[in-house]
Structure formats: structure tokens, C-alpha cells
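Keep the sequence and the 3D view open while reading.

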Amino acid sequence: MTGHAVVLGAGIGGLITAAVLAERFSTVSIVERDRLPDTPIDRRGVTQGRHLHSLLSRGSQIIEELLPGFLADLGAAGALVLDDVDMSRIYSRIGPYTFNRNDPAADPAALTTYLVSRPFLEFHLRRRVATLSNVLFLEGRDVGDLLAAQPERVTGVTVHARDAAGSEALNADLIIDATGRATRTPFLLERLGYTRPSEQTFTVDGVYYSQQIAIPDQDDFRERMILVLPEGKAQRGGLVACENNRWTLTIASRADDLGYAPTDFGEMLTLAEDFVPAHIQQPLRRAQPLTEVSTYRYPGGVWRRYDRMTRYPKGLLVIGDALCCLDPINGQGMAMATLHAHTLRTQLRRANPVDPQAFYTSIAAVIKPVWAANAEQPSGRTPGRAATSLRQRAVRWSRRKILEAAVDDIVITERLMRVANLIDPPQRLLEPKVLAHVVAHHARQSLSRRRTK
Ligand SMILES: Cc1cc2nc3c(=O)[nH]c(=O)nc-3n(C[C@H](O)[C@H](O)[C@H](O)COP(=O)(O)OP(=O)(O)OC[C@H]3O[C@@H](n4cnc5c(N)ncnc54)[C@H](O)[C@@H]3O)c2cc1C
């Protein structure tokens, strides 16, 4: 192994990418603006970490593939593991549709879920990556400029220590921007004489309110993950357990829809009553808040189309939220960051140095279906596309029919969960086996309606 790779940002994307690069480069430096805490607590650079963060099964599978034994360590450290995928532990509602919660899944192992807070996940991932002997953390340092000592190639980056004057230059064979929503790469490329990438966007005007709570009567009910996405104006929300018997209560809404911003547990509770199942309301009322209410506002999604740039330098790649940031309500961002890192691993195995165009083309194929579903969601509002096409209406109609049928059918429920967890691509919902179950459900419904008449 030779060469120096630099990862900008020590979030989930940066950490998992560092693990990939450590397989190929003799030194991997991770530059992070925050001082990294030595306990699982919030930090300034990841303010979204105070809000509900569920890691989709595909994400945990990739982390395990790259860092074998990580999930067992996470479980041993206190993660709440739903590995039996007993459906009664999960309450999921989309619009008026709930999922089948009575029957066992055919392949529960694939849907194993690790319930942890974001600081807990990141802390354990960071600790594991720090054990890799060729990985170095340069914390408390801000990214400055990209350096281009050769034509059409980024050859380094300047970084500034946050608590000292001056800057240092890091020469690198490969730089990965994993600085999340705060990415400056479009601006830095422009300074080097490139054009900015074009951007695809969708608007949400979303706001999250979250609070950590303890529920002393949690053994009075079985559910550990309650996620509700009503259609229309009503708020969406989640009540999800994590490590150390803590829970996160989140209310997600569009900016103007609530009329007021909840500031204490009483107000959070009032809003939660709209979506938390009736038998959990009483234990929830007796819950104790462990933190203040945190607020996070976000405009919507953005996908920076580096794959469409006609001129782009070698030696620089962008991943995670810095490349494509989705609607948080779908809980896909961390799993997508691991998929980006996985794509990088495949590309590095093919050729090192990686061809940026090949990387961005293969990553665009990963992002495309997920992006399309995000932009299509009821919570997303795509500017200038108020009138929906025939195709979009057909997609929405089929989606509704599938969701309606899931309530009493485990085959459909399991497939929906596999798609939601990024294990299967969305088109697998349209497989003949699944469609046969959808048709059978609606045939039964129509027969029973005729009998009632
Ligand atoms: C409210 C909310 C809820 C969410 N819920 C979920 C969920 O349930 N499940 C899920 O999978 N995803 C969720 N997400 C998305 C998830 O947080 C991101 O997709 C994920 O963190 C992306 O990882 P990343 O490494 O690309 O960026 P980040 O995790 O944001 O990390 C970026 C890192 O770069 C550092 N950095 C930034 N600028 C600089 C600089 N100039 N110099 C040095 N360092 C810098 C930051 O300090 C940070 O450490 C949610 C997001 C939000 C906003």
C-alpha cells in the first residue's frame, strides 16, 4: 500500500470512507473541524444528531462488511437490537395505512435493526476506525482551499487549526469531501477555474423538533420503533428507543404547518398524541424529559450533479450529504453515505487512482431511484411541477393499492420494509409474486363488501 488519502469530515460518511481507504492507502488522514468527544455526546458539527436517527438495515450491513464484528460490539455496548423482527415491536404508518404486525417475516435477519442514537453510533464507529493503524485524526481543523499543483488534478488541501493562527498544507493522492450539508466543494472548484456542478433540488421547508426522554413504564407495551408519516398537513413523527433505555421523541413538520414551535415536553406531548398509538399514550404521559427540545430546519433535498460536469479534476471525490442530501424524514442519509463508501470501494478495486467520472456515474445509479422516491414523496414539494403527469398519478395509485394491501399481508409488508431499508430496489415491489398478493387482497375486500351489501 502506498499514498496518502485525506477525508474531509468525520461524520458517518467520512468515517466509513476512511475505513475503505485504509484498505488501499498507506496513510489516511481525517480532517474534522470539531474536537471529537471521547464519550457518545452531541457535537457542534452534527447538530442533526440530537434528532431521531435510525440506521436502515442496508447501512448496518455495509458497516459490518467493512468493519467485521462492529455490530456485535455495538450490541455489547448497549444498542437495542431488533433481530427477531417480531413485527409487534415496530409500528409503522404511512398515511392511513399500517403494516401487518401479526405474522413472522420470511427473512427476519435481513431486517435486523440496531436502535441507537446518532452520537452513540458515531462514537463507536469512530472508536473502531481509530484502531486502524494507518488512520489519523486531525481534529479541531477547518478545511481551507484545494491545492492544484498539477494541471487538472487536485493535489492537496489547506487546513486551519481552529485554536491557532496559520494553516498547513496536506498533500494527498486522493481527497474525499464528506463535510455534509456544509460542503464548500462547488465554491472551491470555482476558485480553481472549474464551473460549479448543476444542482437538482426539491423543496420541503421541513422542521424537526426532538427531545430525549425516559419512559419508566416502557415494559407496558412492546413497540420500540414507532414511525408515522401521515399524508397532507398533519405532523409526522417518531418515538424510537435507543441505548440505555432512552427514547427520542420527534415531531417533524413543514415549517408553517404547526402554528407554533413546541418548547417543552408538555407541548411535545400534545403534538405526539396525534400519532402515537392509543395504548402508548398513558406511558408516554408519565415519561421524563432528559433534554431540552431541539429544533432543526431544512429547506429540502439537493443533488450536486458532479457526474454531469464536462471538466472535473482528478484526485477529488465528494460523498454523503455533500454529494446528495435527502429528506431526513425517510431516514436514508446514513445508509446512503455507507452505500457511497461501498461504491468507492468497488471503484478502488477496479482502479487506483479512481476515475472520477466512473465513480460519479456508478454512484448516480445508486442515488437515482432513492432521489426519485424522495422527490415524489408527499412531504416533498417539487417547484414548478404542481400538475402531476399521468405516469406520476399511476405510480401514486399503485403505491396506494400496495400500501392498502400491506395491512393484512406479511409478504407485502416484508417487501415494503426491504425496500424502505434499501435492501431491495423499489421495482421489486412490482414483482409478480407481490402483485399477486396485492390483487388477492383487493379481491377479498371487494368480495366481502359485496357480501355486506
Ligand atoms: C433532522 C435530521 C434527521 C435525520 N435523520 C436521519 C435518520 O433517521 N437516518 C439516517 O440515516 N439519516 C438521517 N439524517 C441524515 C444524516 O444525518 C446524514 O445523511 C448523514 O449524517 C450524512 O453523513 P455525512 O458524513 O455525509 O455528513 P455529516 O454527518 O453531516 O458529517 C459532516 C462532518 O463534516 C464536518 N465538517 C463540516 N464542515 C467542515 C469543514 N469546513 N472542515 C472540517 N470539517 C467539517 C462536520 O463537523 C461533520 O463532522 C437526518 C438528517 C437530519 C437533518
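The notes below go from the ligand shell to the sheets, then to the helices and the backbone.

This is a predicted model, in which local features need pLDDT of at least 70, side-chain atom pairs count only at pLDDT 80 or more, and totals for chains, interfaces and linings use all residues. Residues are numbered from 1 along each chain as its sequence is written, and side-chain values use heavy atoms, with hydrogens and water left out.

**Ligand shell**

- The ligand is surrounded by 34 residues.
- Glu32, Arg43, His53, Arg118 and Asp321 are the closest.
- By class, the shell holds 12 nonpolar, 15 polar and 7 charged residues. Ala, Val, Leu, Ile, Met, Phe, Trp, Tyr, Cys and Pro count as nonpolar, Asp, Glu, Lys and Arg as charged, and the others, Gly among them, as polar.
- Three elements each supply at least two shell residues: α1 (12–21), β8 (141–147) and α8 (333–350). Helices (H or I, at least four residues) and strands (E, at least two) are DSSP runs, numbered from the N terminus.
- Gln48 has a side-chain N or O atom 3.1 Å from an oxygen atom of the ligand. A polar contact is a pair of N or O atoms within 3.5 Å; within protein, one must be able to donate a hydrogen and the other to accept it, and residues adjacent in sequence count only if both atoms are side-chain atoms.
- Glu32 places a polar side-chain atom 2.6 Å from a ligand oxygen atom.
- For Arg118, a polar side-chain atom also lies 2.6 Å from an oxygen atom of the ligand.
- Of the 1000 Å² of accessible area that the ligand has on its own, the protein covers 97%. Accessible areas come from the Shrake-Rupley method with a 1.4 Å probe; for residues, only the protein chains shown count as cover.

**Parallel sheet**

- Five strands form an open sheet in the order β7-β2-β1-β11-β18, with parallel pairing. Two strands pair if DSSP finds at least two bridges between them.
- β7 (135–139) and β18 (316–318) are the edge strands; each has a single partner, so one side of each lacks a neighbour in the sheet.
- From one strand to the next, the twist averages 20°. Axes are lines fitted to C-alpha atoms, for helices over the stretch in contact, and angles run from 0 to 180 degrees between N-to-C directions.
- β1 (residues 4–8) and β2 (residues 27–32) are parallel and share 5 bridges. Val6 has Ser29 of β2 as its bridge partner.

**Partners of β12**

- β12 (residues 198–214) pairs antiparallel with β17 (residues 294–305) over 11 bridges. Gln200 is bridged to Trp303 in β17.
- β15 (residues 246–254) is antiparallel to β12, with 9 bridges. Tyr209 has Ile251 of β15 as its bridge partner.
- β16 (residues 288–289) also runs antiparallel to β12, with 2 bridges. Pro289 of β16 stands opposite Ile213.

**Helices**

- In α1, 10 of the 10 residues are buried, so this helix is largely enclosed by the rest of the structure. Buried means under 20% relative accessible area, exposed over 50%, and partly exposed in between (1.4 Å probe, protein chains only).
- Among the buried residues of α1 are Gly13, Gly14 and Thr17.
- Thr185 belongs to helix α5 (residues 185–191). Its relative accessible area is 4%, so Thr185 is buried.
- The side chains of Thr185 and Asp177 make a polar contact of 2.6 Å.
- Ala358 is in helix α9 and is partly exposed at 28% relative accessibility.
- Ala358 and Pro68 are 290 residues apart along the chain, and their C-alpha atoms are separated by 28 Å.

**Backbone exceptions**

- Most residues other than glycine have a negative phi, and most peptide bonds are trans.
- Asp205, in strand β12, has a positive phi near 55°. Asp205 is partly exposed, with a relative accessible area of 35%.
- Asn245 also has a positive phi, about 55°, and is not a glycine. Asn245 lies in the loop between β14 (236–241) and β15 and is exposed at 51% relative accessibility.
- The Asn352 to Pro353 peptide bond is cis, with omega near 10°. Pro353 sits in the loop between α8 and α9 (356–376).

Notes
Near = heavy atom within 4 Å.
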